[in-house]
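Visitor: I am new to this structure and would like a close look at a single part of it, namely the salt bridges. Please take your time, and go on from there to whatever surrounds them.

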Amino acid sequence: MPKSNPYDILIIGSGPAGLSTALHLAQVAPELAARTLILEKAHHPRAKLCAGGLVADAEIILERLGLDSSEVPHVDVETAHFDFAGKGLMISMPRKHTLRIIRRDEFDAWLAGKAESRGIKIREGVTVKNVIPDKDGVTVETDAATFRARVVVGADGSNGVTRRCVLPDAPIHTARVLEVIIPTQPSPKFSEFGGGQGRGREGAAYFDFFPVPAGIAGYTWDFPTQIKGQPMRCWGIYDMNIFADEKHPPLKETLAQEMARHGLDLAEAEVNAHPLRWFSPFNGFAVPRVLLVGDAAGADPLLGEGISMALGYGHVAARAILSAFTRDDFSFRDYRWRILRSPLGQTLTARWFFGHIIYALRWRWLQSALWRSLNPLIFVLAWLFVLNWGKRMR
Ligand SMILES: Cc1cc2nc3c(=O)[nH]c(=O)nc-3n(C[C@H](O)[C@H](O)[C@H](O)COP(=O)(O)OP(=O)(O)OC[C@H]3O[C@@H](n4cnc5c(N)ncnc54)[C@H](O)[C@@H]3O)c2cc1C
């Protein structure tokens, strides 16, 4: 197949990580952005399994790119509840929403449109099959053509081909995640279970850590959302999967149990699953000429949050690429340190650490105490180490 070579930088994947890398390049190195092409196997708006919770850090990074996420259809959540079996810590932001919920087909298509309007080229419907770096550049084989570039960015998500090609032996840490979308108005059958929507939950998001004592390293969630303007609820369960060798209850049954507690029948909903590759400071992040961003590099292990992280990786990667072209050094030896010392890397490292601690404390009484009585401590730790990193991304 012929090698087409008008671009110096190829970004594989146009999710938030790939698009953020391109948008940050357009901001810090417009001459490089003009020589960048994104290859995307799907066509926007494309489906992406995700609860769509945007934290404040994501909005801050977007604002610094001159983007306003309120242009995307969304639901703003006033309060977020971090509970153990229904009781615990409530967080709300003064004069601001705590969480903004978007649908990923709409959000990613909007972001792709913004990138295109700033001159970034995206070729949709092209699936990358192989990524082969050598000392002079990278060959990228796709189902459409073979490309050659000086730098490749692997932004192709948790199951991406880039990482598998360039770091085939690297250990993989993968969380298990299930999600269901249900109508806000329950069917009459649900009211037999005494529920409807339960606790008057319309404007709130709930995280419940009740599965931890059973060996599930995570929580169930319940968010408001909308589909084509119709109010819906998004339920799901996250398991960091650090006790993979142990026997524990299946995720689906655990989610069904929690939904039943609120009068909802999981059997009536379509359950979707997707793995989530999470960050460890020991992950591989780059090889010469190839960088990984977003889930390909590693999302938040503690809560499985990845949209703000994907946007933050774009900030770091664009500067690493600019530095590589300036110094004519494409080893990307310093990319790990760029990530780890950035506010993004610091919060990811803290979440990796807390994930291993909090989910290992499996005594029911201790989990209950953590979320119900020790919540000032949790709040201070979260404020110091976990939240507000987006503001510090300079
Ligand atoms: C069930 C679930 C719920 C979640 N909920 C939340 C949440 O509420 N909030 C939050 O912040 N995070 C959430 N996450 C995590 C979040 O979805 C991810 O962290 C985020 O999508 C990562 O973005 P990304 O750009 O790295 O990858 P992706 O969004 O996966 O984008 C990768 C892109 O690459 C393309 N691609 C893949 N392979 C190829 C190929 N071979 N060739 C060309 N293109 C390719 C894909 O089509 C896709 O467009 C959730 C994840 C799951 C599974």
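Guide: A salt bridge is a side-chain nitrogen of Lys or Arg within 4 Å of a carboxyl oxygen of Asp or Glu, and the structure holds 20 salt bridges. What you see is a predicted model, in which local features need pLDDT of at least 70 and side-chain atom pairs count only at pLDDT 80 or more, while totals for chains, interfaces and linings use all residues. Residues are numbered from 1 along each chain as its sequence is written, and side-chain values use heavy atoms, with hydrogens and water left out.

Helices (H or I, at least four residues) and strands (E, at least two) are DSSP runs, numbered from the N terminus. A residue is called buried when its relative accessible area is under 20%, exposed when it is over 50%, and partly exposed in between, using a 1.4 Å probe and protein chains only.

One of the salt bridges joins the side chains of glutamate 71 and lysine 114, at 3.0 Å from N to O. Because glutamate 71 lies in the loop between helix 3 (56-64) and strand 5 (74-77) and lysine 114 in helix 4 (residues 104-117), this pair ties together parts that are 43 residues apart in sequence. Glutamate 71 counts as partly exposed at 48% relative accessibility, and lysine 114 is also partly exposed, with 23%.

Another salt bridge is formed by arginine 362 and glutamate 246, whose closest N and O atoms are 3.0 Å apart. Arginine 362 sits in the loop between helix 10 and helix 11, and glutamate 246 in the loop between strand 17 and helix 7 (251-261), so the pair ties together parts that are 116 residues apart in sequence. Arginine 362 is partly exposed at 24% relative accessibility, and glutamate 246 is partly exposed at 37%.

Arginine 351 and aspartate 300 also meet through their side chains in a salt bridge, again given as 3.0 Å from N to O. Since arginine 351 belongs to helix 10 and aspartate 300 to the loop between strand 20 and helix 8 (307-327), the pair ties together parts that are 51 residues apart in sequence. Both arginine 351 and aspartate 300 are buried. Elsewhere, Glu59, Asp76, Lys96 and Arg100 are linked in a network of salt bridges.

Two strands are said to pair if DSSP finds at least two bridges between them. Strand 17 pairs with strand 14 (residues 174-183) in the antiparallel sense over 8 bridges, with arginine 176 and aspartate 239 as bridge partners. Strand 17 also runs antiparallel to strand 16 (residues 218-227), to which 10 bridges join it, and there threonine 220 has isoleucine 237 as its bridge partner. Strand 16 and strand 17 form a hairpin with 2 residues between them, and lysine 228 in the turn has a positive phi of about 50°.

Strand 20 (residues 290-292) pairs with strand 19 in the antiparallel sense over 2 bridges, and alanine 286 stands opposite leucine 291 of strand 20. Both strands belong to an open sheet of 6 strands in the order 9-3-2-13-20-19, with mixed pairing. The edge strands, each pairing on one side only, are strand 9 (121-124) and strand 19 (286-287).

Helix 12 holds leucine 381, which is partly exposed, with a relative accessible area of 28%. Leaving aside neighbours within four places in sequence, leucine 381 is in contact with Phe354 and Val386. The C-alpha atoms of leucine 381 and phenylalanine 354, 27 residues apart along the chain, are separated by 9.6 Å. Leucine 387 is found in the segment after helix 12, and counts as partly exposed at 31% relative accessibility.

Conventions
Contact = heavy atoms within 4.5 Å.
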